[in-house]
Amino acid sequence: MQQRSARQTVAAKKANGRPYTGTKDGAAKGKRKGTEKFVDLLEFFFKTKNLGTWVVRDMRGKPGQLSVHATGRASDNGHGNVKKLEELADGLASHADLLGIEEIHNYSYGKFGRGWRCDRHAWKVYENEKESAGSIGGKWIHVELTPEMADDPKKVEEAFKQMFS
Ligand SMILES: [Zn+2]
């Protein structure tokens, strides 16, 4: 996964990068159906546990900065086995375009965790505590979907079908 040279990563970014939404779409009034479907399907196929989707709050360790959870597009998906979490994170990243994934945080990876983001279209291994924002070793993966996916449970279902076909 991490053997990619810096030059290849830059090339991949140019070829595959997608804009990152973050909190640009603002806080949602409630749960979004596509996000809820995504979490249900992860539970069904990968035995994860839904640790939360929509909640209006600030980012962990960053008061005053809205969490992407507030938009209703982020989910925390728990699993007791960190190896399984790592495999799931890799699998989701490799199907990120199909699944409409914008960001993945895999806190239990390595020493400080790692993050995948759609604009660089690659993983970044965290190098300090600040980057994992107080969640080092957390046995869950945080996943953010595109606004389109977050609102379209049928599209989420269709993407999972394609992923397994
Ligand atoms: Zn989260």
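Predicted model: local features only at pLDDT ≥ 70, side-chain atom pairs only at ≥ 80, totals over all residues.

Reply: Residues are numbered from 1 along each chain as its sequence is written, and side-chain values use heavy atoms, with hydrogens and water left out.

Me: How many helices and strands are there in the chain?

Reply: Helices (H or I, at least four residues) and strands (E, at least two) are DSSP runs, numbered from the N terminus. Along the sequence, their pattern reads α-α-β-β-β-β-α-α-β-β-β-β-α-α. The chain therefore has six helices and eight strands.

Me: Which residues coordinate the zinc ion?

Reply: Donors are N, O and S atoms within 2.8 Å of the metal (3.2 Å for Na, K and Ca); water is not among the atoms, so sites may look incomplete. Along the chain, the donors of the zinc ion have the spacing H-x6-D-x65-H. At 2.1 Å, the coordinating residues are His69 (NE2), Asp76 (OD) and His142 (ND1).

Me: How far apart in sequence are the parts that His69 and His142 tie together?

Reply: His69 lies in the loop between β3 (62-66) and β4 (74-78), whereas His142 belongs to strand β8 (residues 140-145). The pair therefore ties together parts whose separation in sequence is 73 residues.

Me: Is His142 buried or exposed?

Reply: Buried means under 20% relative accessible area, exposed over 50%, and partly exposed in between (1.4 Å probe, protein chains only). His142 has 6% relative accessibility. His142 therefore counts as buried.
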